[in-house]
Amino acid sequence: MTEHNTAQNPEGVCTAPVGLTKRTDKTIIRVADMHKWYGNFHVLKGLNLEVKEGERIVICGPSGSGKSTFIRCINRLEEHQRGQIMVDDVELTDDVKQIDTVRKEVGMVFQHFNLFPHLTVLENCCLAPLWVRKVPKREALATAMEYLDRVKIPEQADKYPGQLSGGQQQRVAIARALCMKPKIMLFDEPTSALDPEMIKEVLDVMIELAGSGMTMICVTHEMGFAKTVADRVIFMDQGEIVELAPPEEFFSNPKEARTKQFLNQILQH
Amino acid sequence: MSLPSELPPRQDIGVIGWMRKNLFSTWYNIVLTLVAAYLVMTSAGPLLSWVVLEATFTGDSAADCGGEGACWLFIGQRLNFFIYGFYPDALQWRVDIMFGLLAVAFVPQFIERFPRRKWFGVFGLTGLPLIGYILIPGGWFGLEEVQSSRWGGLMLTLILAYVGILAALPIGIVLALGRRSDMPIIRGMCVVFIEVWRAVPLITVLFMASVMLPLFLPDGVNFEKLMRALIGITLWQSAYMAEVVRGGLQAIPKGQYEAASALGLGYWRKTGLVVLPQALTLVIPGIVNTFISLFKDTTLVLIIGLFDILGAVQSTITDPAWRNVTTEGYVFVAFCFWIFCFGMSRYSQNLERKLDTGHKS
């Protein structure tokens, strides 16, 4: 929970213009008055958010605040019960076709990596492009190697996930998501399950990605990352967005008492 | 500077070291070792003399079987019946071809470095049953027809087990997926199917298939007895298989489903590419266990008058032309079953090792 990880300037790190998206004024995600319940428990209470193409958003908040649930609603790993979510002009409803359309364009990185253990690193990366995008095999392999190169583990391509360290696995997971050439990347606490010495290698990859213009929504406790990379920081508590501000303002001059309390707890160490 | 590596202590290595550590480490163990050695030696001698030294291997009739040893001559004389049943002698080459193809398909599976052994396996699962379906009953391409009532012995045992295993696995997988489906009607149907078939003894299933089923079928529709038995065995076995596979499906972490969904894989691709390969690998021991158990359960077809290898042997050991050969007959049957079951077991261990990707968490 410190700032040790992200001393670099993101613009300086990224040189290759690999991302598909540029910063525009187009709204790519629109969440309007979105509610979700688990049984009788009201997890998300009327969230509103508009994300522009190329924007980098960091969501933080105490555990149980609904931040993971929120981003999992954006690719419909969780269903919302009221309100509206539009991703790249497609509304998320029960319609399986629309869900598939959205999922093609939204990559996700999980806390526990969730690589497919029975496939090699390279096969993990090629699976979805081959079967969902129907990319020719040669092209899929080339793309996979390109992204493995970008996350700096091309030499592990033929290994199985079980043979890699946590940090390496998470970088493979990022490459796997990028191989689908998504317009949006969701990160659900990508460094929370990692040993401290591995956090930096994953954050470096994410910073590089941010520099390439990818639209990113990132649930994380890495405040250093938020300061360096985020365009806006969201603080969530008890299922609501308590505060939403650019990082300078968010960290130096938070308005809400709950945000102040949270920042005090998290930045003291 | 690091410490130099040293050799291990001398008395811990080699045969002497092993014996000292495992057989003669304490007074108590020395006594146990000696007692066990005595028992082995006293029982091995008579066994060896019965099986080999005093046994009769050659000759023409029961009269040649003298002495105290086993009368293997009996097995040799009746081997043809034990393997082919009443299959006509002149046409047995068709069965021999199938035995040969069976070996061609599966022997390579035990040889680690055999080139393209995967394709031999694929042939064993697709081409082999197809060829068998044409060759063994005959009746087309100018092949003389052989009624299934004349099939018997080892050949029949293998047909029953092979078809049962081959058909039950895919049906079982479908049932297991259905039982975990979100759709209530599909789930309900699978639950009912599994619970009904699993709760019934195989004997009952065979009896029903042989005696009751013909009463329910419309006039003119009639399957042979063997076909009815095969269908009964397959459905019964698939219910068991479904529960084994379901165990594997439940062991796959939710994260795997989520990662596959997040990548845009739909239900069938998620299941076929991500979930099933992992689930089936996990339950190989359970699947093979079920196979072995089915292989031995095929002997129950005796009840509906089919002569599998056990039935064939049992019907000849009472032959008054031979003196008491009961033991020899049963030992032979046990040995045949053991060969095949041990083979399946070894193959499954082989497969588990090969599919292990070091991901044990």
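Visitor: Which residue does Phe235(A) stand opposite in β10(A)?

Guide: Phe235(A) faces Glu243(A) in β10(A), where strands, like helices, are DSSP runs numbered from the N terminus (at least two residues of E for a strand, at least four of H or I for a helix). This is a predicted model, in which local features need pLDDT of at least 70 and side-chain atom pairs count only at pLDDT 80 or more, while totals for chains, interfaces and linings use all residues. Residues are numbered from 1 along each chain as its sequence is written, chains are lettered from A and ligands numbered from 1 in the order in which they are written, and side-chain values use heavy atoms, leaving out hydrogens and water.

Visitor: How many bridges join β9 to β10 in chain A?

Guide: Strand β9(A), residues 232-237, is joined to β10(A) by 5 bridges, and the two run antiparallel; two strands are taken to pair if DSSP finds at least two bridges between them.

Visitor: And what order do the strands of that sheet come in?

Guide: The sheet is an open one of 6 strands in chain A, ordered β6-β7-β8-β3-β9-β10, with mixed pairing. β6 (106-109) and β10 (240-245) of chain A are at the edges with a single partner strand each, so one side of each has no neighbour in the sheet. From one strand to the next the twist averages 20°.

Visitor: Which strands does helix α3 of chain A touch there?

Guide: Helix α3(A), residues 96-105, packs on the sheet and touches β6 and β7 (184-188) of chain A, with a direction at about 65° to that of β6(A). Contact here means heavy atoms within 4.5 Å, and the angles, which run from 0 to 180 degrees, are taken between N-to-C directions of lines fitted to C-alpha atoms, for helices over the stretch in contact. Helix α6(A), residues 166-178, also lies across β6 and β7 of chain A and runs at about 170° to β6(A).

Visitor: At what angle does α6(A) pack with α7(A)?

Guide: The two pack at about 20° with axes 8 Å apart, α7(A) being residues 196-211. That makes α6(A) and α7(A) roughly parallel, since angles under 35 degrees count as such, over 145 as roughly antiparallel, 65 to 115 as roughly perpendicular and the rest as oblique. Among the residues that meet are Arg171(A) and Ile174(A) in α6(A), and Val202(A) and Val205(A) in α7(A).

Visitor: Switching to chain B, where do α8(B) and α10(B) cross, in terms of residues?

Guide: Their axes come within 9 Å and cross at roughly 115°, with α8(B) covering residues 184-198 and α10(B) residues 225-251. The contact includes Phe193(B) and Trp197(B) of α8(B), together with Leu235(B), Trp236(B) and Tyr240(B) of α10(B). The helices are therefore roughly perpendicular to each other.

Visitor: Is Glu258(B) buried or exposed?

Guide: Glu258(B) is buried, at a relative accessible area of 12%, where buried means under 20%, exposed over 50% and partly exposed in between, using a 1.4 Å probe and protein chains only. Glu258(B) sits in helix α11(B), residues 254-262, and, leaving aside neighbours within four places in sequence, is in contact with Arg72(A), Leu77(A) and Phe110(A).

Visitor: How many disulfides does a search of the whole structure find?

Guide: The search finds 0 disulfides over all chains, a disulfide being a pair of cysteine sulfur atoms within 2.5 Å. Cys73(A) is in none, and its nearest cysteine sulfur, that of Cys218(A), is 17 Å away. The sulfur of Cys218(A) is 11 Å from the closest cysteine sulfur, in Cys60(A), which is too far for a bond. Cys73(A) is buried, with a relative accessible area of 0%, and Cys218(A) is buried too, with 1%.

Visitor: Back to sheets: which strands of chain A make up the 4-strand one?

Guide: That open sheet has the order β2-β1-β4-β5 in chain A, with antiparallel pairing. β2 (41-52) and β5 (90-91) of chain A are the edge strands, each pairing on one side only. Helix α2(A), residues 67-74, packs on this sheet, touching β1, β2 and β4 of chain A, and its direction makes about 125° with that of β1(A).

Visitor: What is phi of Asp33(A) near?

Guide: Phi of Asp33(A) is near 45°, a positive value in a residue other than glycine. Asp33(A) is found in strand β1(A), residues 27-38, and is partly exposed, with a relative accessible area of 36%.
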